[in-house]
Amino acid sequence: MKPSAFSYHRPVTLDAALALLAEHGDAAKAIAGGQSLAPMMNLRLAQPAELIDLGDLLGLDQLRESDGAIEIGALVRHQQLAESELLRERCPLLAEAAQGIGHYAIRQRGTLGGSLAHADPAAQLPLVAVTLGAQIELASRRGRRVLSAAEFFVSVMTTELAADELIVAVRFPALLPGEGAAFRLFNRRHGDFAIVSVAASVQVNGGRVARLRLGVGGVEPVPVHLDELAARQAGRTPDAAWVAEMAAGASAAVEAENDERITALYRRELTESLVARALAAALKLSGAKP
Amino acid sequence: MDRQAIRLHINGRDFDIEVAPRKLLSDALREDCRLTGTHVGCEHGVCGACTVLVDGRPTRACLTFAVQMEGHQITTIEAVAEGGELSQLQQALHEEHGLQCGFCTPGIVMTFEAYLSEHPDPSDDEIRDVLSGNLCRCTGYHNIVAAIRKAAKRMRGDGHVAA
């Protein structure tokens, strides 16, 4: 339960961090909050030869709104996301999801960029990023590029992030008029990773669905955005029957997997229940009349 | 992977120690700084026993490498009682039988010293939400919740009881 030996680097600028990553490639691992990487190192599931600490990098801990998007630096911590007035008002799904990550002490350290780069299939922030179609900005010495969350996540704990790249910022769309959003998850013990989690965001105009965004985490190797189902919902009346239809539709659409502890059937049933709850809560927050 | 000399700022004191980069803060505190009040349980961030404050924020010492902590202010359980006098929270844990074997207690005290300073009037649900990050195998938690509620009330000093 002790990590294997490594060399420690503590760059103070982004350029210096990217130079270290370029130099050491796969032998290096960047550490931000360390709330996922450090346990993996203690359990020797990760044994980086070079550890590059991002803790001193300045300017990656900002949170601001620009051009209808909320731009968040990669080093913003979960507790900042959960408590941000800007997010609660303009991107409440993200704040609500962050509030449920791990435990209080974990949220003080864990970062947005770290959670996305780690890409645990059951984690909250990747699901929110995929559901809302967040744009993830990556930097390396070769330059910068922006990927959509759907492009970024490849498989279980696997992303498009190259060995010499860092996430620097993530842009989430701001809430639209008449839009409400909610996050629901189920786990056996408070603070554990979710067995299934659901993110829902629905915009209602004049008593009709204008746009639906629906994502499910924990059932497939990466968070899934049910865009085919969601795209067909414009113009529908968002009543209880519609919520039930969406819940059943989501449950049928996900390709749940069996594992040694949890059956695919159970994951499907959780998906149905959680979609119904999240969507009902989102509708309420959208201001739509029931 | 040689040992390197670092200076840790703990409880208002400087500690000059030599550690390998892989040394966890929890081990550096106990073995190199001889501050054994911080307890080590699971060593992968689950149990909360090793929680200390880094720049005032509760932090798992077992998920932090000592070398990362240069330039940061660390507070451990040793700094909580002043002049031998228990803090309000410690006193309340004592009165409400909020501990039995005491192994988890330092982590709980550090977590809630920080939490209560920012959230002076938590509901029981909020207390339980935060307490979920600290495993206790003795008490069953009820007495810990009662102690935290009592400490919060005393710290507010307004006699108001949270719903």
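Me: In this predicted model, which residue of strand 7 of chain A is the bridge partner of A:Glu137?
Reply: Strand 6 (residues 135-140) of chain A pairs with strand 7 of chain A in the antiparallel sense, over six bridges. A:Glu137 also has a bridge partner in strand 10 of chain A, namely A:Ala169. In strand 7 of chain A, the bridge partner of A:Glu137 is A:Val146.

Me: What is the strand order of the open sheet of five strands in chain A?
Reply: Strand 10 of chain A pairs with strand 5 (residues 69-73) of chain A in the antiparallel sense over five bridges, and with strand 6 of chain A in the antiparallel sense, again over five bridges. The edge strands, each pairing on one side only, are strand 4 (63-66) and strand 7 (143-148) of chain A. The pairing in this open sheet is antiparallel, and the order of its five strands is 4-5-10-6-7.

Me: How many of the eight residues of strand 10 of chain A are buried?
Reply: Strand 10 (residues 166-173) of chain A is mostly covered, and its residue A:Phe172 is the bridge partner of A:Ile70. Helix 1 (residues 14-24) of chain A lies across strand 10 and strand 6 of chain A, running at about 75 degrees to strand 6 of chain A. Of the eight residues of strand 10 of chain A, the number buried is seven.

Me: Which residue of strand 14 of chain A is the bridge partner of A:Gly215?
Reply: Strand 13 (residues 208-217) of chain A and strand 14 of chain A pair in the antiparallel sense over two bridges. In strand 14 of chain A, the bridge partner of A:Gly215 is A:His225.

Me: Why do the buried residues of helix 11 of chain A line one face of the helix, and within what arc do they fall?
Reply: In helix 11 of chain A the buried residues are A:Val243, A:Met246, A:Ala247, A:Ala250 and A:Ser251, whereas A:Ala241 and A:Ala252, on the other side, are exposed. What covers the buried residues includes strand 13, helix 10 (227-231) and helix 12 of chain A. An α-helix has 3.6 residues a turn, so residues three or four places apart point the same way. Seen down the axis of helix 11 of chain A, the buried residues line one face because they fall within an arc of 130 degrees.

Me: Is A:Ala5 buried or exposed?
Reply: A:Ala5 is found in the segment before strand 1 (7-9) of chain A. Because A:Ala5 has 12 C-beta neighbours inside 10 Å, its class is exposed.

Me: Which element of chain B gives the most to the side of chain B that touches chain A?
Reply: The contact takes 23 residues from chain B and 25 residues from chain A, and the side belonging to chain B has nine nonpolar, 10 polar and four charged residues. Helix 3 (105-118) and strand 4 (57-60) of chain B each supply at least two residues of that side. The element that gives the most, with four residues, is strand 4 of chain B.

Technical notes:
Residues numbered from 1 in each chain as written. Chains lettered and ligands numbered in written order. Predicted model: local features only at pLDDT ≥ 70, side-chain atom pairs only at ≥ 80, totals over all residues. Pairing = 2+ DSSP bridges. Buried ≥ 20, exposed ≤ 12 C-beta atoms within 10 Å, placed from the backbone. Arc of directions from axis to C-beta. Contact = placed C-beta atoms within 7 Å. Nonpolar A, V, L, I, M, F, W, Y, C, P; charged D, E, K, R; others polar. Axes fitted to C-alpha atoms, helices over the stretch in contact; angles between N-to-C directions.
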